[in-house]
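Please look over the sequence and the model before reading on.

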Amino acid sequence: KSSRAWQRMLSGRRLDILDPSPMDVELSDIAHGLARVARWNGQTYGDYPFSVAQHSVLVLELFRAANLDATPIALLQALLHDAPEYVMGDIISPFKAAMGGNYKDVENRLLSAIFLRFSLPASMTAPV
């Protein structure tokens, strides 16, 4: 393990990216980070980038419309499905596959910590 695998967040929390603790996850850090991360590395039309925060809200609304009986847990998981990107950025799937290694493991550990921070099951209960 690297001697420095953590990032100081705006909240003051020190988030260990390789071994994240749910206690170091703050909603304000997630919201701030996702609002500043551009989907598809900014390769979208318009004067402004489409943020991961905007994408997350859109996914929530589409999921809610397609699953009228969705539980609050499933709805919150839909909203937070890309939350690790507040730290990791929005890396497109083909690049993630090309990188190989344990990228997906790191992403999944971070997502589990985020879910646990908000009293959700550590993994997705419904596909998003």
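How far apart are the mean positions of the positive and negative charges of the chain? The model is a predicted one, and in it the mean positions of the 12 positive and 13 negative charges are 6 Å apart.

## Overall form

The chain holds six helices and two strands. Read from the N terminus, the order of the elements is β-β-α-α-α-α-α-α.

The C-alpha trace spans about 45 × 35 × 30 Å along its principal axes. For 128 residues, a compact globule would have a radius of gyration near 14 Å, and the 15 Å of the chain agrees with this.

## Surface and contacts

Of the 128 residues, 37% count as buried. The accessible surface of the chain is about 7,700 Å², and carbon and sulfur atoms account for 58% of that surface.

Contacts also link parts of the chain that are separated in sequence. Taking the contacts between residues at least 6 apart in sequence, 51% join residues at least 24 apart.

## Helix α6

Helix α6 covers residues 103–117. Its 15 residues should span 21 Å at 1.5 Å a residue, and the end C-alpha atoms are 21 Å apart, so the two values agree.

The buried residues of α6 are Tyr-103, Val-106, Glu-107, Leu-110, Leu-111, Ala-113, Ile-114 and Phe-115. An α-helix has 3.6 residues a turn, so residues three or four places apart point the same way. The buried residues of α6 pack against the strand β2 (14–16) and against the helices α1 (27–36), α3 (72–79), α4 (85–88) and α5 (93–99). Just after α6, Ser-119 has a positive phi of about 60 degrees.

## The loop between α1 and α2

Two residues of this loop are described here. Arg-39 lies in the loop between α1 and α2, and Thr-44 lies in the loop between α1 and α2 (52–66) as well.

Is Arg-39 buried or exposed? Arg-39 has a relative accessible area of 10%, and because the cut-off for buried is under 20%, Arg-39 counts as buried. Leaving aside residues up to four places away in sequence, Arg-39 touches Thr-44, Phe-50, Ser-51, Val-52, His-55, Asp-82, Glu-85 and Asp-90.

Thr-44 has a relative accessible area of 24%, so Thr-44 is partly exposed. With residues up to four places away in sequence again not counted, Thr-44 touches Arg-39, Pro-49 and Phe-50.

Technical notes. Residues numbered from 1 in each chain as written. Predicted model: local features only at pLDDT ≥ 70, side-chain atom pairs only at ≥ 80, totals over all residues. Heavy atoms only, no water. Helix = DSSP H or I, 4+ residues; strand = E, 2+ residues; numbered from the N terminus. Rg over C-alpha atoms; globule rule 2.2 N^0.38 Å. Buried < 20%, exposed > 50% of the residue type's maximum accessible area, 1.4 Å probe, protein only. Contact = heavy atoms within 4.5 Å. Areas by Shrake-Rupley, 256 points an atom, 1.4 Å probe, with all protein chains shown as cover. Lys, Arg positive; Asp, Glu negative; His and termini not counted. Charge placed at Lys NZ, Arg CZ, Asp CG, Glu CD. Expected span 1.5 Å × (residues − 1).
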